[in-house]
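Please open the structure in your viewer and keep the sequence beside it. The tour goes from one selection to the next.

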Amino acid sequence: MQNLVDLPATLQMDMNHLQSSLKPAKTTGFAVVESAEELIQLSGVKMATLIGYNKGSTKGGGTYIHQPGEGGLRIGEWLYQPAQTVTPYHFGALESGWDIDSGEALQRFLDFCATPAARDYQIFASGSFGTSTPLTAANMCYVYSFDMSLQGLAPMDDVFTIKNCRGSVWIGKLNIKVSGDSWLRKRVGVNGVRIDDSRGAKLCDFNVTQGSGWGVYFGAGNNNMCTIGDISTVDMGATGKTSRTHLVKAIGFSGNDTNTIHQYSDITLSPESVIPSDAHQMNRAFWVSAIGEVYKILSVNRATNTLRVYPRVPDAEQIEGDANLAYGGAVCCYSGGHTAKAKLGHVSAMRSGIGLWLTGQSSANAEGYTGQFCGIDMVLGSNPENAFGGSFIGSVYFEASEFADLIHVNQTRSYSNGTIFGSSAGLDTRGWQSLSPKGPNWTPGSTEKQYLPITFMDGGYLWGQGSGDEISRDSGKYTVTASSRSGIATAIQPYRHTTEIQLKTSDDAKKFVGVLPVTVHLYGQQGVNGSYHRPIPITCEEGFTINGKPGPLEIPNYDAPITINALLERNNNWIVTLTEHQAL
């Protein structure tokens with residue numbers, strides 16, 4: 001039943017000391033209705049108050065004006081008066097909680113948020129809802145507030161996709177339960193939030209749970225300078241524990257024989273072994289051998305049920321049988337487009353496959369990272385041959401990871417400046433791995449080159465793993481470069497008869513000449529340099545001299561290790577000195 005009252009068009013104050021020259025206004029009708037269905041049928045009045053969008057509800061209501069036409073938020077011919085708050089309830093979302101499907105209403109709400117008319121209202125995405133369909137926030141480029149919880153009610157790749165929301169500002173928090181079950185094999189949904197082509201967007205906090213993929217990941221398009229608030233995940237991806245494990249059975253191994261970063265192994269899986277779908281971003285995942293060594297998955301071949309992994313799986317690890325996959329997790333900062341200079345808040349990952357994966361020449365930075373009981377806490381770099389520019393992470397804490405605390409995939413120094421951890425706790429470098437190439441006869445504990453360009457404060461000093469040129473690394477040519485940066489000595493132990501040391505300049509060395517010497521520690525087999533069998537030449541670039549003479553300068557055999565120092569002068573002359581040590 002319609003409740004009608006008469007109100008003047010202009011409200012007047014009935015006070016003796018105030019006089020008005022206005023003539024009495026013509027009255028118009030005002031109604032109160034209980035649902036959107038009643039509002040559509042209402043006639044004969046200019047203004048109405050809607051108690052709730054759905055009958056019996058007090059949510060999704062407000063003041064409506066009878067104004068046929070287009071534009072604004074409307075129910076039939078009724079316009080929702082601007083400057084009020086718009087919520088999902090204004091589009092029919094149900095109050096029943098996240099076990100009831102409100103997907104269609106939520107999508108209508110998100111579509112409205114992208115229209116110019118949305119700027120006439122306060123947008124507040126609030127409430128708890130279920131959805132059986134994936135939701136897409138597309139072209140939302142204004143300011144929005146969030147305090148919303150979503151649960152996926154059906155299988156889907158991405159519960160919530162943010163697409164082409166460049167420059168938008170999202171305030172608050174979005175909670176997403178990807179599936180209704182915490183056991184990996186029962187999770188029907190994959191990822192929580194996908195971000196596409198949202199350059200410069202400032203997004204809210206995200207809390208994502210119970211998916212088989214990633215909590216938040218970047219998809220396609222330009223996501224440069226995208227900022228995300230704090231991100232927390234629980235039970236995302238595969239970790240290796242009983243309730244979160246994904247086993248596959250290897251029945252054959254093959255691959256190439258190179259000893260470079262272009263090596264790989266193909267692992268053939270049994271017919272009953274299931275490779276997760278493409279939605280899991282399987283080129284950002286790992287195969288874990290029977291002895292616990294991790295191998296990055298480069299590609300999958302579903303037709304042959306094969307994984308291609310790096311580095312090569314040595315002969316001793318080519319064991320047929322069950323092995324773990326580690327995939328999914330909290331945050332994957334990789335996209336087919338870009339994530340240059342993106343910024344993350346604090347990333348907190350619990351019981352998640354991979355806590356944080358950063359890639360790119362201009363990688364994202366993070367305010368901090370806390371990992372607990374994950375498969376792998378942190379991964380840096382996309383592939384061994386790709387550049388990784390490094391990152392800054394304000395605080396770092398690793399606790400009880402199953403396979404590794406940190407994996408450095410990137411193995412090239414081009415455009416790779418290194419990563420800095422701010423305050424740190426629980427760091428144990430024994431749980432850090434650099435994915436360097438492996439030989440066929442590699443065994444656990446074998447000495448190999450470790451490239452870990454990471455630094456953090458350790459006992460009041462900056463920790464660093466060194467240049468990566470470890471003892472026992474044999475090469476035909478060692479190139480050492482003059483630099484104004486803090487000097488890091490290169491330790492070499494060649495075995496071949498054709499080894500040479502090349503002195504090279506750099507742009508900053510040309511500007512800051514004579515600042516720091518290049519230092520090379522030269523060892524022989526078991527510290528006996530005579531094992532080189534011939535003098536080792538030191539060469540320089542064209543136009544440069546060594547001790548005032550054209551190169552090369554030959555270093556004769558010594559019976560003990562030596563240290564070579566080379567300092568570049570302004571006249572393009574290298575001053576080379578030598579210190580002989582005594583082997584004890």
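Predicted model: local features only at pLDDT ≥ 70, side-chain atom pairs only at ≥ 80, totals over all residues.

Residues are numbered from 1 along each chain as its sequence is written, and side-chain values use heavy atoms, with hydrogens and water left out.

Select the whole sheet: nine strands form an open sheet with parallel pairing, in the order β10-β12-β14-β16-β25-β27-β29-β31-β33. Strands (E, at least two residues) and helices (H or I, at least four) are DSSP runs, numbered from the N terminus; two strands pair if DSSP finds at least two bridges between them.

Now pick the edges, β10 (135-138) and β33 (432-434): each has a single partner strand, so one side of each lacks a neighbour in the sheet. On average, neighbouring strands of this sheet are turned by 15° against each other, direction ignored.

Axes are lines fitted to C-alpha atoms, for helices over the stretch in contact, and angles run from 0 to 180 degrees between N-to-C directions.

Next, select β29 (residues 376-380): five of its five residues are buried, meaning under 20% relative accessible area with a 1.4 Å probe, protein chains only. Four bridges join β29 to the parallel strand β27 (residues 354-358), where Ile-354 stands opposite Ile-376. β29 also pairs with β31 in the parallel sense over four bridges; look for Val-379 opposite Ile-407.

Finish at β31 (residues 404-408), joined to the parallel β33 by three bridges. His-408 faces Ser-434 as its opposite in β33.

Note on methods. Buried < 20%, exposed > 50% of the residue type's maximum accessible area, 1.4 Å probe, protein only.
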